[in-house]
Amino acid sequence: MTTASTDPSRTPRVEVRNVSKKYCRNLKRSLRYGMTDLWREMTARPGAWRGTLRPGEFFAVNNVDFDVRPGECIALLGPNGAGKSTLLKMIAGLFKPDIGTITVRGRLGALIELGTGFNPILSGRENVYVNGAILGLSRRDIDARFDSILDFSEVGEVIDDPVRTYSTGMRLRLGFAVATHMNPRVLLVDEVLAVGDVGFRMKCFNHILKLVESGMSLIIVSHAIGQLNRVSTRAIVMHKHQMIFDGDFTEGAALYERIQLQHQPANSEATGTERCVVSAIDIEPSPNGNACFSTGDDVSARITITASQSLAGARMRVAIESARTGVLGGFATPQSDFQFDVTPPRTVVRVTLPRIPLLMGGYTLNATVFGPGREEFIHRLKPGATFEITRPRPASFGMGEDGVVRFEHKWELLNASPKH
Amino acid sequence: MSLANPHISPGAVDDANDTDPSGAETDAAGEEEPVQVMTPESGMKNPLRLLGDSARDLWAGRELAYRMFQRNIRGLYRQTFLGIFWAFLPPLANTAVWLILRRAGAIDLAGDIEVNYAVYVVTGMVVWQSFVEAFQAPLQTVNANRNMLSKLRFPRESLLLTSVMEIFFNLGVRLVVLVPLLVVFAGWTPWILASPLLVALLIPLGLAIGLLVMPLGMLYQDVGKLIAVAVPVWMIITPIVYGTPEGWNANPLNWLNPASPLLTLARDLLVFGETLVWTSAAAWVVLSVPLLLGGMLYYRLSLPVLVERISS
C-alpha cells in the first residue's frame, strides 16, 4: 500500500476483494442464524464458518472483486435481486462481508434512502441540521453550507415549516442537497434519483458530475440507463449474484439491457394446432461479426417458420422493443406488398431495417405469423432475437442526440434580423 | 467469473487486514482521511481495540446525539398538549395507585415508615423510573431507528448517548418537582444536593442490562413482550412501595435484584439521610462498570449482525 500512496490519484478509493455475502430468505431460519452469528461473533469463533452455507442460504453476492479510483463513476447494473443493494450496503459499512475484504478510503456518503432521519414534525431547517449531523457534519460545517443547501433544494421560505407539509419531491430535494453538500470522497447512490421531476434530476446529475470531476468516486445503482450515461464511464453488471462484466459503460449497459430482455417471460403464443410456428429469428451479424451495431447500420434478421402443412397468402408482423421503453413499433408484410406462402418443412423470410434509427441500447425483434384471413393469428415468437446498438455514445445536457430513436431533423433560423 | 470458494479461510483475510495501514492515510492535500476496512473477522479478537473504537465513536457521535436528543424532545412536545408534564406523570400515577390502595385499607405497607408515605413512594418511583428507562432504552432506540440503521452509516453509539440525554432530561424534570416535596414533607438532608448523582448511579446498571438483552430482543419480539410483563413484577419485588425489610442483607432477593440496593440507597439517603445498604450498593456500583463495558462491546458487535437480519 505504501508504494501506491506515492501516487494518490491512483490509489483506489474503494477496494472490493473477493467479497461474498450469504443470505437466507426464510425469516424464521434467518433469525435463528442471526442468533448463532451473534454467539460466534461474541466468542470470536475461528474457522471457515462464515463462508459455509447453511440450509436455506445462498450467496446474495458471490465473489465480487473490483476497485474504484478517484474521479471514477461506476454504474452498478443488474436485474432486481442480482445483489446490487447488498453489495452497496456492505461498501457503506452497514454489515460485514462473509468472505473477502472491503476497503474504503476517505469520507463516505451514501444516498441509500433520502431523508432517512427526517422528523415530520420539525421544520426543514431543523431537519437539515439533524440530517447533516447523521451524515457526519458538525454544526459549523452545516452553518457554512446551509445557504447553498437551501439554494440547491429549491425549498425556499417553507424551510421553516414542518417537513410534514412538504411534498415528496421537496423532501427528496432537501435530502439530496444535504447529502451531496457534505463533500464525500466516495458517494454511493441507490436508485434515489429515479424519483423527482426531470428538471431537478438533471440538476442532481449535473451536481454529481461536478463532484466526480473534482475527484469524487461514485457508485450509482439505477435502472435508468439513459440517465446514467450522462455520468458513468464504467459499468459493473451483476447477474444472478455474480459480477459478469466490468468495463466500458456502453458495453455494460447493452449487456444489461440484453439480460433484461431475456428475463421477459417467454410467451410464445399459438392458436389451433402447432402446424405452423415461428421457430427461430436470427440477426445477421454486423460488420464486427456480432449482434452489436451502430446507429445507421443496416440490420437484417432471418425469420424461420416451421410448418407441417403449407399456408398460402401468409402475413408476417415484426415488432421492435426497447429494454428501456417497451414496444417501439411494428410493421407487417402487407405494408410493403410483400407476399409469401409458407411451405413445409421450413420457410425462411429475411427482413432488413436499413439505416436503423435506434440509439445506444438493447433491443429485441419479435415476429408473428398470420394467415390470410383478417383475424387469423397463428403464432408469435416472443422474446425474439436481441441485438444491441453500441455506438455512438449519446450526448448529454443537450449537446447532441439522446434517447431511443434518432430523428431526422433540420434547423432554420426564422427571425432573421432586419436589414439596415 | 468463477464461483466463490467457500473455504477461503478467514485467516487469509486477517493477514491482509494486518498488513493494511488501517489507521489513517494522508491524501494529496495533506489532510487525514479515514480508512475503513471491513472483513469477516470478529471484533472480539481484539476487545480492547473494539472498546477504543466504541469510545471514539461515542465522542464522534456527541453532536449527532445532541441533535437527535433535541429533535426527539422538540418532536415529542410539539405534538403534546401537556408537554413536559408527561415526564413526571408515570411516577406520579404509580404513586397515586399505591396511595389509593393504602387509603382503602387494602394494604398496610408503611408500618415502619416514619415519614409521609406519599413522599416515600414518589421518591422511590422517580428513582425506579430512571432505572427502567435506562433498562428499556437500548431496545427501544435501536427499534425506533432500525430504518436509519439499515440505510445509513453513522456512529452507532450516538443512539445510546441520545437515550442517556433523554433519561437525564426526564430525571431533571422530575427532580424539579421532587426536591421541593422532599424538603417540605421529609425534611432537609444534605444528600438532596447530590440527588441527581444518587439517581444516576442506577442508570449505567439499567443501561448495561438493557444492552445485554437488546440483540436478542431485536431478533425476537418475545423479548419485548416479556419485558412489558416483567417490569411491573420487578417493581413490586423492589422495595419501592414498602419499607426496607427487616434483615435486609439476609434475604438474597434484596441484594441479587440489581435495582434493589442502589434504589434503596438513593431513596433512603434522600428521604431519611441515612441508609443500611452501603455494602451491597457499593458492590453493584462496582459491578456495573464491567457490565456496562461488556454491554457496549456487545452492542457494537451485534449491530452489523442485526442490521443484516432486520433490513428489508
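Visitor: Which way does α3(A) pass α3(B), left-handed or right-handed?
Guide: The crossing is left-handed, a label used if the near helix is turned anticlockwise from the far one by less than a right angle. This is a predicted model, where local features need pLDDT of at least 70, side-chain atom pairs count only at pLDDT 80 or more, and totals for chains, interfaces and linings use all residues. Residues are numbered from 1 along each chain as its sequence is written, with chains lettered from A and ligands numbered from 1 in the order in which they are written.

Visitor: At what angle do those axes cross?
Guide: Roughly 145°, and the axes of α3(A), residues 124-134, and α3(B) come within 8 Å. Axes are lines fitted to C-alpha atoms, for helices over the stretch in contact, with angles from 0 to 180 degrees between N-to-C directions.

Visitor: Which residues meet there?
Guide: A:E126, A:Y129, A:V130, A:A133 and A:I134 meet B:E63, B:L64, B:R67, B:M68 and B:R71. Contact means C-beta atoms, placed from the backbone, within 7 Å.

Visitor: And how many residues does each chain give to the whole contact?
Guide: Chain A gives 61 residues and chain B gives 55. On chain B, the elements giving two or more residues include α1 (10-19), α3 (62-78) and α13 (278-310).

Visitor: New topic: how many helices and strands are in chain B?
Guide: Chain B has 13 helices and 2 strands, meaning DSSP runs numbered from the N terminus: H or I of at least four residues for helices, E of at least two for strands.

Conventions. Contact = placed C-beta atoms within 7 Å.
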